[in-house]
Amino acid sequence: MLHRQIEERLRAAVAQVAPEADPGAILVRPCPDARFGDYQTNALMALAKARRTNPRQLAQAVADAFDAPGLCDQIEVAGPGFLNFRLTPQALVHSLTEAARGRHLFFATAAAPQTVILDFSSPNVAKPMHVGHIRSTILGDALARTFRLLGHRVITDNHIGDWGTQFGMLLVGWKTLLDPAALERDPIAELERIYRAVNARCSEGKPEFDRTTLEQARGELVRLQAGDAENTAIWRRMIALSQEQFATIYGRLGVRFDHALGESFYNDRLAGVVRELESAGIVRESEGALVAFFDDLPQLQRHPAIVRKSDGAANYTTTDLATLQYRLTTWNPDAVIYVTDGRQQLHFQQVFEIFRRWQPQARVRPAHVWFGSILGEDNRPLKTRSGENIKLADLLDEAEERALQVVAGKNPDLPEPEQRQIARMVGIGAVKYADLLPNRQSDYVFSWDKMLALNGNTAPYLLYAATRIRSIFRKLAESGETFDLATAAAHLTLNEPAELALAKHLHGFDLVLHAVAEEHRPNYLCNYLYELAGQFTGFYEACPVLRAEDPVRTSRLVLCELTLRVLARGLHVLGLELPDRM
RNA sequence: GCGCCCGUAGCUCAGUCGGAUAGAGCAUCUGCCUUCUAAGCAGGUGGUCGCUGGUUCGAGUCCAGCCGGGCGCGCCA
């Protein structure tokens, strides 16, 4: 990676001039404006301040000590003390040639691979997956793919909601209201129906309220918790039915999990966790419950956390603590990342703080990667017209349907099965991309028109840019020519501004991938790929490929293929599939 | 009351952790299809980065206060 090579030479130069400087702080970044150069460092200004010397003089001294033959032939001090680097064309050609030979794809894997556990999606048993699960699922999957690409050991774990008071009601419904034919047809809908019916009877204040049903539900729950054979069998059946639904949705989304250890998996560990917290003096009795207080932390002072309710049952704080402990002992991770809604910030602050007190020696970094809400056009959380949660399956159906209309409208000559195939990739891709593009912490307004637009920073635009490249190679193949990237690389020359700009932009892949992993923000990658697609279309307009004369023609084919590879890899990391044509 | 987040072009939003003249898309205006996919490209218009102070070579970015909005806050998860 060119910027890493410059960084390395720069650190060597700084070490000569200022041996006390921290090499880790000496960073090289792309210039914001190509007129300044290709790369810059602003680290010397901070260093000059620390040494109380003139920043421009220091920069000049470092520039004089800087030696990178063949990499940068010009290096200059600018402004208050920037150092600007300009790549030699040979360095660029060499790097592209190496990429064409398969030595790299413009990124380096992590210097110190880590074990990262990603906890995301977490749907509930017996309920349809809905829009509330989409951001966690898509964001978590994109992060998992990013970490994997960078060489980390990644473990994805779906912490399914398969335990809790709702099962008392579900059991009553199963035993008294179940319609076997309906269960056969659409299991989740039937489970949802019986749950709603019983829930209404158990809700004081509702017209259907019926104390007998409420007591029945409590009784069924107690029997389930006690391990009653019949109830356990029904419960397992409900989980199995739900997992079929999850598998269907995840299949459509192309998301996979290494594990799906639900809440119930930790049931027999909860008492032990509570006992340990109690004996360690981390929790104490308060109003009948066991509670952790954080008097010394301003942020949590007023927000104690219950780990055992006054009825003796554990809650999700306890389950999350047991889960974290299990993950530590089982996988010994460096990081555990929870991808959830921002509304759970307080909860995770509490869990992490309790855990820190409980196991101060643990080296794991827990992280809460939170995101904002998906809003409807009315700026309220996205719902159906009647105020229900939108089912994920329905949303994906609509995405494919709308994409099909676009594809069929633009390209009516394609055979219908292919149109559907393309529409599937474009539609699902559009939903995913729309979710990954905004800064994850901001709320965003869900808009079919925007996500399926053909211009702007959208999935269709990016997929289209990639298929344009594929189209060039299809034309090439149709004329009976063969193209071998590694061999063709020998003919690489970069002369036109658009060629140089594209070649340089390919080298930004490394920085952006590491930034995504570091900050858990896939939107950086979205923006990078959009810029790359823009650079490519600029090149595509300015530089004819197939109509050019050799060796320029071959050289441009190399650029096309490398761009396609970066685009395809980047889109794949975001979880998007790439059609051959559109 | 306490805490978290947000406020950037008419609209929707980026802004890689303090760097150089704040960027996209939409909308609007002007050009470009006998030429590898015009689902595209090039260019114009459009900004007191909520307000006020502070920190420093340098602030959309950090700190304090204020205004406006969203969300959360003991036995749901």
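Which helices do the buried residues of α6 pack against? I started with that one. They pack against α7 (180–185), α8 (187–202), α9 (211–225) and α10.

**Ground rules**

I am working with a predicted model, where local features need pLDDT of at least 70, side-chain atom pairs count only at pLDDT 80 or more, and totals for chains, interfaces and linings use all residues. Residues are numbered from 1 along each chain as its sequence is written, chains are lettered from A and ligands numbered from 1 in written order, and side-chain values use heavy atoms, with hydrogens and water left out.

**Helix α6**

I looked up how enclosed α6 (residues 166–176) is. Nine of its 11 residues are buried, so the helix is largely enclosed by the rest of the structure. Buried here means under 20% relative accessible area, exposed is over 50%, and partly exposed is in between (1.4 Å probe, protein chains only). The buried ones include F167, M169, L170, L171 and W174. Helices (H or I, at least four residues) and strands (E, at least two) are DSSP runs, numbered from the N terminus.

**S264**

Next I went to the loop between α10 (229–253) and α11 (267–279), which is where S264 sits. S264 is buried, at 15% relative accessible area. Leaving out residues up to four places away in sequence, I found S264 touching D162, W163 and W235; contact means heavy atoms within 4.5 Å.

**Domains**

Chain A is split into domain 1 (2–87), domain 2 (115–159 + 259–374) and domain 3 (166–253), with bounds from an automatic or database domain assignment. I checked domain 2 against domain 3: their C-alpha centres lie 26 Å apart. On the domain 2 side 11 residues make contact, with 14 residues of domain 3. The area buried between these two domains is about 1100 Å², and carbon and sulfur atoms give 70% of it. That is the accessible area (1.4 Å probe) that two parts lose on being put together, summed over both. In domain 2, V125, A126 and M129 lose the most area to domain 3, together 49% of what that side buries.

**Strand β10**

I then turned to β10 (residues 335–341). Seven of its seven residues are buried, so this strand is largely enclosed by the rest of the structure. Strand β5 (residues 115–119) runs parallel to β10, joined by four bridges, and I117 stands opposite V336. Strand β11 (residues 365–371) is also parallel to β10, with seven bridges; there Y338 stands opposite H368. Two strands count as paired if DSSP finds at least two bridges between them.

β3 pairs with β4 (residues 82–87) over six bridges, and Q74 has R86 in β4 as its bridge partner.

**Nonpolar cores**

Last, I looked at the cores. A nonpolar core is a set of buried Ala, Val, Leu, Ile, Met, Phe, Trp, Tyr and Cys residues joined through side-chain atoms within 4.5 Å. The largest has 156 residues, and L118 and L525 touch the most other members. Apart from residues up to four places away in sequence, L118 touches, among others, L143, F147, I155, I337 and V339. A second, separate core of 31 residues includes V273, L300, W331 and V336.
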